[in-house]
Amino acid sequence: YGKNCGVVKSEESKIDTLSYALGANTGTSIKQQFADIALNVDEVCKGMDDALNGKMSQSHDEVVAMLREFFGNTLNERNQAYQEAKKADSTLVFNAFADAVECDKISYAFGNDIGCNVRKSNFAIEYFWFLKGFQDAYEDSTELSEEQVMSFLQNYFMVVRPAEAAKRSAEWLEKKAKGFGVKTTESGLVYKVVKAGDMDKAAKSDEDVVKVHYVGK
């Protein structure tokens, strides 16, 4: 598999389901969204691999600018020209790219963009399995069905990830609660008085109007 995406895995490696499912879901979505554009999937994968491993020859901003120009202007102009030409010849087939060179260039940049976004995410992604899931989805040969992918991701984002976040929050709060001068209310609110207010100016009844300054996190 490494010959296509430039990655190699050890024989002992087992599938990283999260990475594979994210890759497959990304591949399926892009394949459906760009069904009329014949991207070179090998170049897309190569672009992703280079971006994931910090081997890009251009900055992410330059890549985004190139893609915006192509998809926002060039492609629209070609589609309009195609629609006009098709009125005279209904057998014409739309071609998004001027030639194979442009196809490879845009496909590679497209992969760069995906790879950069994955690197910026907060997920511990195994790049090999993300890439494999992506290409498998494009080739309709995934190790997990589309239903299995969606079921796994829904469970991960709606059950597993929130539970992990709650556990980390509880551990963080427990540690903070042990700090000097920190108090905990019956409801579980953990707080610390940094600077006491002037109690002579405190509200005397429930009907008093007060102004407060606070930051919530």
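A salt bridge here is a side-chain nitrogen of Lys or Arg within 4 Å of a carboxyl oxygen of Asp or Glu. By this rule the count comes to seven salt bridges. The model is predicted.

**Salt bridges within a helix**

- Asp 50 pairs with Lys 46, and their closest N and O atoms are 3.4 Å apart.
- Both residues lie in helix H3 (residues 41–52). They are four residues apart, about one turn of the helix.
- Asp 50 has a relative accessible area of 12%, so it is buried. Lys 46, at 39% relative accessibility, counts as partly exposed.
- Lys 167 forms a salt bridge with Glu 171, with the closest N and O atoms 2.6 Å apart.
- Lys 167 and Glu 171 are separated by about one helical turn, because they are four residues apart in helix H7.
- Lys 167 is exposed, with a relative accessible area of 53%. Glu 171 counts as partly exposed at 41% relative accessibility.

**A salt-bridge network**

- Glu 102 forms a salt bridge with Arg 78, and the closest N and O atoms are 2.7 Å apart.
- This pair links distant parts of the chain. Glu 102 is in helix H5 (residues 100–120), Arg 78 is in helix H4, and they are 24 residues apart.
- Glu 102 counts as buried at 18% relative accessibility, since the cut-off for buried is under 20%.
- Arg 78 has a relative accessible area of 25%, so it is partly exposed.

**Aromatic pairs**

- Rings of Phe, Tyr and Trp pair if their centres lie within 6.5 Å. By this rule the count comes to ten aromatic pairs.
- One of them is Phe 70 with Phe 71. The ring centres are 5.1 Å apart and the planes stand at 90 degrees, so the pair is edge-to-face.
- Phe 70 and Phe 71 are both buried.
- Phe 128 and Trp 129 also pair, with ring centres 4.9 Å apart. Their planes are at 85 degrees; angles over 60 count as edge-to-face, so this pair is edge-to-face.
- Phe 128 has 11% relative accessibility and counts as buried. Trp 129, at 8%, also counts as buried.
- One aromatic cluster is formed by Phe 34, Phe 70, Phe 71, Phe 97 and Phe 110.

- His 60 is found in helix H4 (residues 60–88).
- The residue counts as buried, because its relative accessibility is 15%.
- Leaving aside residues up to four places away in sequence, His 60 touches Asp 113, Cys 116, Asn 117 and Lys 120.

**A nonpolar surface patch**

- Phe 157, Met 158, Val 159 and Val 160 make a nonpolar surface patch of about 360 Å².
- Phe 157 lies in helix H7 (residues 146–177).
- Phe 157 has a relative accessible area of 35%, so it is partly exposed.

Technical notes. Residues are numbered from 1 along each chain as its sequence is written. This is a predicted model: local features need pLDDT of at least 70, side-chain atom pairs count only at pLDDT 80 or more; totals for chains, interfaces and linings use all residues. Side-chain values use heavy atoms; hydrogens and water are left out. Rings of Phe, Tyr and Trp (its six-membered ring) pair if their centres lie within 6.5 Å; planes under 30 degrees apart count as stacked, over 60 as edge-to-face and the rest as tilted. Buried means under 20% relative accessible area, exposed over 50%, partly exposed in between (1.4 Å probe, protein chains only). Helices (H or I, at least four residues) and strands (E, at least two) are DSSP runs, numbered from the N terminus. Contact means heavy atoms within 4.5 Å. Patches are made of residues with over 30% relative accessible area and no salt bridge: like charges are joined within 9 Å, nonpolar side chains (Val, Leu, Ile, Met, Phe, Trp, Tyr) within 5 Å. Accessible areas come from the Shrake-Rupley method with a 1.4 Å probe; for residues, only the protein chains shown count as cover.
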